[in-house]
Amino acid sequence: SDLEFVELEIRDYGVGLDAISKEYRAGLGLASMRERANLAGGELLLSSNPGQGTSVQVRIPYHQNQETD
C-alpha cells in the first residue's frame, strides 16, 4: 500500500488571531484540533496575523489498501 495524505485548509480573511491575547490562549478549540491531528498521525498548522486573516491546515496520512483477487 502507498502512503498518501489527505489535506484540508480552511482560510478566512478576517481580523486574524493575536497569539498573545487571552482569548487565543484560553480556548480549547485549536489545542483539541492539534491533538486529534496528532492522534491520526498528522499535523495541524496555523498561520495568522492580526488584520490579515487566518489559515488552518491539517495533513493526515491516508493508507490505501488494494485488495487482490
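1. Start with E7 and R59, whose side chains form a salt bridge at 2.9 Å, N to O. The term here means a side-chain nitrogen of Lys or Arg within 4 Å of a carboxyl oxygen of Asp or Glu. E7 belongs to strand β1 (residues 2-12) and R59 to strand β3 (residues 53-64), so this pair links parts 52 residues apart in sequence. Helices (H or I, at least four residues) and strands (E, at least two) are DSSP runs, numbered from the N terminus.

2. A word on what you're looking at: this is a predicted model, where local features need pLDDT of at least 70, side-chain atom pairs count only at pLDDT 80 or more, and totals for chains, interfaces and linings use all residues. Residues are numbered from 1 along each chain as its sequence is written, and side-chain values use heavy atoms, with hydrogens and water left out.

3. How exposed are the two partners? E7 is exposed, at 58% relative accessibility, while R59 is partly exposed at 33%. The cut-offs: buried is under 20% relative accessible area, exposed is over 50%, and partly exposed is in between (1.4 Å probe, protein chains only).

4. R59 also sits over the face of F5, 3.6 Å from the ring centre. For this to count, NZ of Lys or CZ of Arg must be within 6 Å of the ring centre and within 35 degrees of the ring normal.

5. The salt-bridge count is two. Besides E7 and R59, R11 and E9 pair up through their side chains at 2.5 Å, N to O. R11 is partly exposed at 48%, and E9 is partly exposed at 37%.

6. E9 has another partner: its side chain makes a polar contact with the side chain of S55 at 2.9 Å. That means N or O atoms within 3.5 Å; within protein, one must be able to donate a hydrogen and the other to accept it, and residues adjacent in sequence count only if both atoms are side-chain atoms. S55 is in strand β3 and is buried, at 6% relative accessibility. Leaving aside residues up to four places away in sequence, S55 touches E9, I10, R11, L45, L46 and S47, with contact meaning heavy atoms within 4.5 Å.

7. Now for confidence. Mean pLDDT (the predictor's confidence in each residue, from 0 to 100) is 83 for the protein, and 75% of its residues reach 70 or more.
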